[in-house]
Number of protein chains: 2
Amino acid sequence: MNAVIDRQEKPSVGSVEKKYHTFAEPPDELLLESGARLGPITIAYETFGSLSAKKDNAVLVAHAFSGDSHLAGRYTSDNEDDKPGWWEFMVGPGKGIDTDRYFVICANILGSCMGSTGPSSLNPATGQPYGLDFPMVTIGDMVETQKRLIDHLGIEKLVAVIGGSVGGMQVLEWCVRYPQMVRAAVPVATTMRHSALAIAFNEIARQAIMADPNWNGGDYYNGPGPDLGLAVARMVGHVTYLSDEAMRRKFGRRLQDKRDFSFGFGADFQVESYLRHQGSKFVRRFDANSLLYITRAADYFDLIERNPAGTRPTEHGTETKYLVISYSSDWLYPTYQAKELVKHLKRQGCDVSFCEIEADCGHDAFLIPDVRLEKLLRGFLNGISRN
Amino acid sequence: MNAVIDRQEKPSVGSVEKKYHTFAEPPDELLLESGARLGPITIAYETFGSLSAKKDNAVLVAHAFSGDSHLAGRYTSDNEDDKPGWWEFMVGPGKGIDTDRYFVICANILGSCMGSTGPSSLNPATGQPYGLDFPMVTIGDMVETQKRLIDHLGIEKLVAVIGGSVGGMQVLEWCVRYPQMVRAAVPVATTMRHSALAIAFNEIARQAIMADPNWNGGDYYNGPGPDLGLAVARMVGHVTYLSDEAMRRKFGRRLQDKRDFSFGFGADFQVESYLRHQGSKFVRRFDANSLLYITRAADYFDLIERNPAGTRPTEHGTETKYLVISYSSDWLYPTYQAKELVKHLKRQGCDVSFCEIEADCGHDAFLIPDVRLEKLLRGFLNGISRN
């Protein structure tokens, strides 16, 4: 039933074989928020820990925009290309999200290119990759596929849904769509809806890709891809993930492998070298069209205003317990936006805790090992489990 | 003696003929900070008001990165394409910089494309536009050409040098190179040196241009230019010129000419439409290589650390009176950087006043009509003239 999906095989970790599971939906099954239907759909996911007999210890972690299902651990023990999962410090035996206690699930989002169906997947109607024929998907659509996966695993109620950035949007969407299935929700470094500034950065990233002639209207899978445009797009992203202070500390005005200015356009400054490196690295692992679709989904997301299509509920249930976390130096989704979220939830009678973590490393802080975040999550999950 | 310069004729205001003066230096005259020699050099400039018999009422205004010599007024009275100068609200009879009292000079910077010699100018060695054969120029080199212009006009001492953003860097450079010629200095919305963040944004803009195949290593003057890359670069610039708050107020999440999402990649949001418009507009008036050179000059500028080439003085004279102005919502050159500048000047025994203007419109605030800035400059200049 799984569609054969090209580019999902594109290894992100050298020669390491990815070992995710896949869950598939039959053709034309999923009605998207846009009104389009999509199928067949494959969702790549990984699980960590063991599901209890009562199936009451499951935690769903939603990844950020360019993440994947590989939340923690290594696929092999002897291959140095095999990087640990993206939340290695948080998820594992005895860690903040303790896999000795919880059955942790992480699924690659719809529209991505890391095993789940997206614009680089084969369109069954043509036998060619979708490209821009892939329908627009929303955060709601992503959550819908996760819901089906959770149903498929036989889980009726999740201990918690946890996620940062675009993952945090999925958390919030879960809580309005399926509040009865979510005992606790932890949206981290996220927002109820993108500010004009956040949309602007995404739009610049999209324009950088679409300006690359190799993008070719999204139809590039049989030829060279828009690598240069995608690299520029990623550079834009990286600046938004850091902060003025983080960049001063990390790079300042230090020169890269030289004592003098080159008086040319090479990477004189370390920060230039860093951005170029991040750009090139990203091109090797991510699909440009997926960036377009996922950033668009994030821009469309709006927890308060019904989206114009009007299909999405906006009321939260009041049984879910919330822990909202922001970072003091996050200027993509600043603390004032987290506070707006807290107010919005409180106004609906929700049980909300809020914590702003002082950190100078910007939006990306939740991905950086930090014992404070680990303790926060451990304590919060303990509280939920005791109830 | 003027070099024939292509693209400088590119009209920025429809069919309006530009009426700047030009001042030229002979070949090989100018020794650049990089060690290269450049010539012949043409500097386009405009003047406003009348030079007194004693030549003691001159004010030099330095423009920002994409500005030009057209500081104020219109070239014609009956052509609607003829936009007023870029600091129209500030410069004129009875205005903040009063042309009834002062003889105001504004020169297009070296490396630009608005009448002064830059990468789009003809290289006398080849008869073709320089492209990347144009030598790297610095803020110091720009000031050096302005100094020669001021000498040429027979002016020994300026009442003031005033400028915002990259113009402010020129102000500061004037004060270390020729302190005896500057009675007063007004650096506005500027910095002593770019932070890693500012360098990062410039680098992204440069990479966007260089990723455009039409850029062709800088050699595009006889074919299509890197218009798409330049448009993306300008979009990056515009985001840095605004602020989170300004963008929320100006655009929010409002849709552009539609009630519903398109579920496509068109400009659904007003902020997307605005950025695309700014990008396209810029392409019609600015040369991509000039953007590369001028952003690089701004990145290299460092008032404290001698630049690695070591040719630039860093000590200020103590006879110049300073008025340092910052804007509360400027996140390209935030107030903390203006305060660092004030400290630096005070440590050297300079007479410094400082004012942070509360404004939510970001870095670009100094270009937006504001009676507070006008009053500040009028009062400050009055004080200088009285002494």
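## Terms and model

Two strands count as paired if DSSP finds at least two bridges between them. Helices (H or I, at least four residues) and strands (E, at least two) are DSSP runs, numbered from the N terminus.

This is a predicted model, in which local features need pLDDT of at least 70, side-chain atom pairs count only at pLDDT 80 or more, and totals for chains, interfaces and linings use all residues. Residues are numbered from 1 along each chain as its sequence is written, while chains are lettered from A and ligands numbered from 1 in the order in which they are written.

## The sheet of chain B

Strand E1 of chain B pairs with strand E4 (residues 41-48) of chain B in the antiparallel sense, over five bridges. Ala24(B) has Thr42(B) in E4(B) as its bridge partner.

This pair belongs to an open sheet of eight strands with mixed pairing, in the order E1-E4-E8-E5-E11-E12-E13-E14 (chain B). Strand E1 (21-25) and strand E14 (351-357) of chain B each have a single partner strand, so one side of each is left without a neighbour in the sheet. From one strand to the next, the twist averages 20°. Angles here run from 0 to 180 degrees between N-to-C directions, and axes are lines fitted to C-alpha atoms, for helices over the stretch in contact.

Helix H2 (residues 166-177) of chain B packs on the sheet. H2 of chain B touches strand E5 (58-62), strand E11 (158-164) and strand E12 (182-188) of chain B. Its direction makes about 150° with that of E12(B). Contact means that the C-beta atoms of two residues, placed from the backbone, lie within 7 Å.

## The sheet of chain A

Chain A has an open sheet of eight strands, in the order E1-E4-E8-E5-E11-E12-E13-E14, with mixed pairing. The edge strands are E1 (21-25) and E14 (351-357) of chain A, and each pairs on one side only. With direction ignored, neighbouring strands are turned by 20° against each other on average.

Inside the sheet, strand E12 (residues 182-188) and strand E13 (residues 321-327) of chain A pair in the parallel sense over three bridges. Ala184(A) stands opposite Lys321(A) in E13(A). Helix H2 (residues 166-177) of chain A lies across strand E5 (58-62), strand E11 (158-164) and E12 of chain A. It runs at about 150° to E12(A).

## Helices H3 and H7

In chain A, helix H3 (residues 196-210) and helix H7 (residues 288-300) pack at an angle of about 160°. Their axes are 10 Å apart. That angle makes H3(A) roughly antiparallel to H7(A). The cut-offs are under 35 degrees for roughly parallel, over 145 for roughly antiparallel and 65 to 115 for roughly perpendicular, with the rest oblique. The crossing of H3(A) and H7(A) is left-handed, a label given if the near helix is turned anticlockwise from the far one by less than a right angle. From H3(A), Ile199(A), Asn202(A), Ala205(A), Arg206(A) and Ile209(A) meet residues of H7(A), including Leu291(A), Leu292(A) and Thr295(A). This contact has seven nonpolar, two polar and two charged residues. Ala, Val, Leu, Ile, Met, Phe, Trp, Tyr, Cys and Pro count as nonpolar, Asp, Glu, Lys and Arg as charged, and the others, Gly among them, as polar.

In chain B, helix H3 (residues 196-210) and helix H7 (residues 288-300) pack at about 160°, with axes 10 Å apart. H3(B) and H7(B) are therefore roughly antiparallel to each other. Their crossing is left-handed. Among the H3(B) residues in this contact are Ile199(B) and Arg206(B). The contact residues divide into seven nonpolar, two polar and two charged.

## Chain contact and domains

The contact between chains takes 47 residues from chain A and 47 residues from chain B. H3, helix H4 (227-241), helix H5 (244-250), helix H6 (270-285) and H7 of chain A each give two or more residues to the chain A side. The largest share, 10 residues, comes from H3(A). By class, the chain A side has 27 nonpolar, seven polar and 13 charged residues.

Chain A is divided into domain 1 (21-194 + 303-386) and domain 2 (199-294). These bounds come from an automatic or database domain assignment. The domain centres, taken over C-alpha atoms, are separated by 26 Å. In chain A, 25 residues of domain 1 are in contact with 18 residues of domain 2. The domain 1 side of this contact has 13 nonpolar, 10 polar and two charged residues.

## Backbone details

The peptide bond from Gly39(A) to Pro40(A) is cis, with omega near -5°. Pro40(A) sits in the loop between strand E3 (37-38) and strand E4 (41-48) of chain A. The bond from Gly39(B) to Pro40(B) is cis, with omega near -5°.

Ser165(A) has a phi near 60°, a positive value in a residue other than glycine. Ser165(A) lies in the loop between E11 and H2 of chain A.
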